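Me: I'd like to learn how to read aromatic contacts in a protein model. Could you walk me through them?

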Amino acid sequence: MLSAAVLLSLLVACLSAPPPCEPGQRGLGRCTETAEQRPQCTEMVLGYCQDVPYNKVMFPNIVGHQSRLETEISAEYLLLSVLHGLLNGECSPDLRLLGCSILAPRCQDSTLLKPCRSSCEMVRKSCAHAFEAIQMAWPYFLDCDRFFVGDEEGCYDPLSALRARQDVTFSSLSDGGHATILQFTYHSNAQMFNILKKTAAKCPHISQTYSIGRSVEGKDLLVIEFSDNPGQHELLEPEIKLIGNMHGNEVLGRQLLIYLAQYLCSEYMLGNERIQTLINNTRIHLLPSMNPDGYELAASEVADSQDPENTNQEGHIYNGWTSGRANAQNIDLNRNFPDLTSVYYNRRRFRHFRSDHIPIPDSYWVNKVAPETYAVMKWIRAIPFVISASLHGGELVISYPFDFSRHPEEEKMFSPTPDEQIFKQLARTYADAHTTMSNNDTDRCGATFASKGGIINGALWYSFAGGMSDFNYLHSNCLELTVELGCDKFPAEEELYPEWRRNKEALLSFMESVHRGIKGVVKDRNGNGIKGAIISVKGIRHDITTAEDGDYWRLLNPGIHIVSATAKGYSKVMKRIRLPRNMQKVGQVDFVLEKVPVEPDLDYFSIPELDNYERFDPYNQFEQYSQRELGENGEERTEKPWWWAYFSQLGVSSPTWLLRNY
């Protein structure tokens, strides 16, 4: 009986004992401490936290680790040790110091001091993009609401010493003025994604990033947008796009657009009136790399050429000329667009044939269409772009449509569009603002463009079908130039800064040139915008159409023009306008159309082919480019990301909290 009583008393004592604190519960006050768990101050001995602004720490820490040893073998501490490498140096040492403030919390007068929530929120705002780029969730122990506190609770800033050191360093580099600081180096795809997302996070009120699709190997075709209302088309605000790296081995344009994104963000924040005016009145879309897969191949060839054991003495110029030009399917993207130029040539003699918004023939989809081409076509159809530039390399010249000769057997034949004079003016804008492109004494790359002022009709240079610029012109409202930036497709890194100097003003002037000619809104009698109304200019057999809310933009050179607006079921209204040479801004010409009965036999809009414009990917052969793989039960299937090996190979507890959508 005595032994039974003893056993019973022991059982009662065990059942009544408080449970141990689980990780993460201490900071929420959800556990009772035993004598062994009572907080104790100790010296800072964690190797990755030696530069925190204090030397006494407390264990158990804020997430419940009982001792220094438990912290050192934890997945949380391992993450701090590898973050610099995982994020390519992004947000270092900010993230590490922030993590140390939780894993090795400050102890002062035997009291645990918690870090400030404001510090955490600042770091998360500027660094969340870096985690997104490697598909890693934000670490649970850096939850700003859960483990950090407000100023009123007596918090401290774990980054104060770091900021003080950075301020001293910056003041030693600065002359006291404000300036945009750019790093003129090449960037890997991961670094490019990080920079674009970090730039958007730095200027969230004027910028955002979005993906238009994925490459063959699954890389995002990432766009950064600048506008005073990012993500929205604003009435009467023109949209422009700049595309780089269409050919993966032509890399200068890719770098220039990365620099341009940083420059626009920084200069806007610094109060540059020119940049603020541009962004406040224009929606700008930058796609630095249309062919990220090709870039990786080209960059690897350049790296190989620097190998001292490599017998190739021609270096990057030789290896970068062809390697990586095509995408991962070995498709030249600038030959992969629908050949609408042939359709235009074959039918232009017909009276009612339109030379704009030509539908994509169903036969096009029978051929191999690259996912990069597919994504850009959808992008062009979704946004009412007015002008565009595709940045290439291998020559120093601006070429403009048509790129395909009007006689198929002529490889070099002047083949103008109805907007020849507008295209020439756009090309002149870039070439004249470039420091050397239009100069007669500039060394060329083999062709003779000096006498032409650095611009040329594409087909007169050399003819090819399936180009992106011709597609823009014949399928949408957009006028696109091809900008050849120089002879060397993959210039040496020390050439990046001089090339930025040569092209910066040209890029800005080109973007500003969208505010030329006329703009306006086409409305019905009740003031409602009319989508798809046709704007025609007498003497230019190429019309444009109005956007969703009835607004339009028509680039025109100075002079007198007869402009008309019409829409299916509405009257036709004509206006005579005069654009003076010294006009400094775009003119506004609005139209109000009256409802009229439609006469089917005479209706301008009854051409059968126009009904096919909305047909895009009619056989649904390319849906996989926009779909994610699903598991057996319909859930999204996710493989472990590449960085998971850091944790699985070292035997630490699996940090499933780092997996997104887990």
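Reply: Gladly! Rings of Phe, Tyr and Trp (its six-membered ring) pair if their centres lie within 6.5 Å; planes under 30 degrees apart count as stacked, over 60 as edge-to-face and the rest as tilted. This is a predicted model, where local features need pLDDT of at least 70, side-chain atom pairs count only at pLDDT 80 or more, and totals for chains, interfaces and linings use all residues. Residues are numbered from 1 along each chain as its sequence is written, and side-chain values use heavy atoms, leaving out hydrogens and water.

Me: How many aromatic pairs does that rule give?

Reply: The count is 28. In one of them, the ring centres of Tyr345 and Phe402 are 5.8 Å apart with planes at 75°, so this pair is edge-to-face.

Me: Which parts does the pair of Tyr345 and Phe402 tie together?

Reply: Helices (H or I, at least four residues) and strands (E, at least two) are DSSP runs, numbered from the N terminus. Tyr345 is in helix α13 (residues 340-347) and Phe402 in the loop between β10 (395-400) and α15 (420-433), so the pair joins parts 57 residues apart in sequence.

Me: Is Phe402 buried or exposed?

Reply: Buried means under 20% relative accessible area, exposed over 50%, partly exposed in between (1.4 Å probe, protein chains only). Phe402 is buried at 0%, and Tyr345 is buried at 11%.

Me: Which residues do ring pairs link into a cluster?

Reply: Tyr344, Tyr345, Tyr400, Phe402, Phe423 and Tyr473 are linked in this way.
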